[in-house]
Amino acid sequence: MSLSVTNTLTGEREEFEPVDDDEVLLYVCGLTVSDDAHLGHARVWTHADVIHRWLDHLGYDVHHVENFTDVNEKIVARIGEDDLGESETAVAEQFMADVIEDMRGLNLRRAEVYPRVSEHVPEIIDLVETLIEKGYAYESNGSVYFDVTTFEDYGKLSNQNVDEIESQGEPEERAEKRHPADFALWKADGVAREAIAEHRKDDRPVAEDAPAGETWASPWGEGRPGWHIECSAMSMTHLDETIDIHIGGHDLVFPHHENEIAQSEAATGEQFVKYWLHTGLLQTEGEKMSSSLGNFFYVADALEEFGVNVLRTFYLGAAYGSEQSFDEAAIEEARERWDRLERAYGAAVDACDSVDAHAKAKDPALRDAVSSTRAAFAEAMNDDFNVREAMAALLELASAVNRHVDGRETYDYRGLRRAIETFEELGGDVFGLTFGREADGEARLARDLVELVLDVREREREAGNYDRADELRDELAALGVEVQDSPDGPTYRFE
């Protein structure tokens with residue numbers, strides 16, 4: 001089964017055929033670094049990461065570009081707040097550092113490059129000049145706007161009629177535009193005080209001399225790039241005029257992605273993106289999770305509370321294009337699924353590495369389960385990256401491993417080895433889960449200390465001090481270590 005994807009541009013399921021048979025040009029709409037990242041952002045990142053990983057698995061050379069928007073009125077509004085810095089650049093870089101830390105914590109593969117708006121202003125100006133020269137854009141009071149009436153296909157992504165689209169942009173922009181739906185490519189001067197006040201997160205008044213953000217010299221005077229032009233310039237700079245996949249949240253279909261198409265295709269005369277993939281929104285209590293609504297959960301806090309494997313397993317519980325709800329029940333379900341996978345993997349490793357694993361032992365049921373899991377996983381992932389069904393295939397393998405280990409005294413070495421490889425290849429390399437890996441020296445030290453406490457607990461039990469042994473078990477539980485007693489001695493896991 002070849003890979004098929006749901007293309008927002010056509011609304012159809014289509015067979016995936018990149019421009020080049022051997023490579024994929026992938027662009028992900030990155031974060032505006034005006035705040036710490038929340039779980040809604042992380043959902044887009046995780047699905048983009050899994051898509052990248054599956055394309056790698058299929059043998060494509062993936063060129064993945066993901067931008068940082070570090071020029072924005074929301075960033076300017078936070079200048080001077082707490083210890084965020086006294087310039088737009090300082091605020092942006094502080095949040096950018098936190099976002100990069102979150103990305104590494106989520107076990108995301110690194111993009112080929114993370115371009116910033118501030119370092120691509122020359123390319124943005126060149127692109128705006130091209131649009132003016134071709135008659136698609138016009139200058140007004142030092143700003144430049146894209147004339148949507150000149151682009152015949154405007155609205156083809158969002159299926160909107162240009163004459164029915166409400167005016168875009170801030171109030172002062174609307175008076176300068178020829179058509180209400182025209183959008184800014186270049187904005188004269190810095191950020192207006194009214195815009196700063198609108199995006200402030202605290203009650204500080206906006207002083208007359210408040211920083212208005214970075215500005216650059218241009219043919220139309222001092223000013224700043226518009227929001228939409230940024231992604232077109234960075235995508236074409238680091239990938240090509242036509243790319244294969246563009247990923248972003250569904251809330252970006254209009255106006256951001258619609259405007260990207262218009263300005264890019266007007267400038268080049270070529271199709272901008274072959275396949276538009278949009279992730280559904282993450283909801284909490286029935287509403288979209290967003291910074292503006294205040295109903296968010298920061299990525300850093302979630303990683304600390306749940307751990308990367310539970311968090312990724314949560315995201316893998318729903319297809320990228322569907323909406324997903326974040327709540328305690330969903331996290332608990334993800335925790336249980338990850339626990340099943342982790343336990344089965346550990347059981348397979350322990351059995352495979354034991355003296356009870358034999359070269360001539362053969363369990364047809366286990367070997368068939370490995371084969372069927374690999375086939376079902378591939379079929380699901382080629383079906384528009386259906387991670388939910390792919391996860392179900394891995395859980396079936398976990399059940400097969402448990403049946404094998406629990407049901408016999410002599411283990412099928414080859415079958416277990418293949419099961420371990422399947423967990424590591426599909427669950428690890430594709431899903432980004434970390435089976436049996438200890439991230440650093442602190443993790444190894446933690447395990448050594450737990451085992452030391454368990455040794456002390458066993459000595460207390462042997463001495464008949466059962467109350468003290470129970471106290472040690474309870475103290476470990478309070479620290480997030482679950483102890484299970486068995487005839488062969490205690491085992492444990494980190495919750």
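A charge is taken to sit over a ring if NZ of Lys or CZ of Arg is within 6 Å of the ring centre and within 35 degrees of the ring normal. By this criterion, the charged end of R178 sits over the ring of Y138, 4.0 Å from its centre. The structure is a predicted model, in which local features need pLDDT of at least 70 and side-chain atom pairs count only at pLDDT 80 or more, while totals for chains, interfaces and linings use all residues. Residues are numbered from 1 along each chain as its sequence is written, and side-chain values use heavy atoms, with hydrogens and water left out.

Helices (H or I, at least four residues) and strands (E, at least two) are DSSP runs, numbered from the N terminus. Two strands are said to pair if DSSP finds at least two bridges between them. An open sheet is formed by four strands in the order 5-6-7-8, with antiparallel pairing. Strand 5 (137–140) and strand 8 (223–225) stand at the edges with a single partner strand each, so one side of each is left without a neighbour in the sheet. From one strand to the next, the twist averages 20° (axes are lines fitted to C-alpha atoms, for helices over the stretch in contact, and angles run from 0 to 180 degrees between N-to-C directions). Strand 7 (residues 183–188) pairs with strand 8 over three bridges in the antiparallel sense. In strand 8, R224 stands opposite K187.

Strand 9 (residues 243–249) and strand 10 run parallel and are joined by six bridges. The bridge partner of I243 in strand 10 is V273. Six of the seven residues of strand 10 (residues 273–279) are buried (under 20% relative accessible area, with a 1.4 Å probe and protein chains only), so strand 10 is largely enclosed by the rest of the structure.

Rings of Phe, Tyr and Trp (its six-membered ring) pair if their centres lie within 6.5 Å; planes under 30 degrees apart count as stacked, over 60 as edge-to-face and the rest as tilted. The whole structure contains 21 aromatic pairs. One of them, between F314 and F326, is edge-to-face, at 5.8 Å centre to centre and 80° between the planes. F314 lies in helix 10 (residues 308–315) and F326 in the loop between strand 13 (324–325) and helix 11 (328–352), so the pair ties together parts that are twelve residues apart in sequence. Both F314 and F326 are buried. Ring pairs also link F297, F306, F314, Y315 and F326 into a cluster.

Methods:
Buried means under 20% relative accessible area, exposed over 50%, partly exposed in between (1.4 Å probe, protein chains only).
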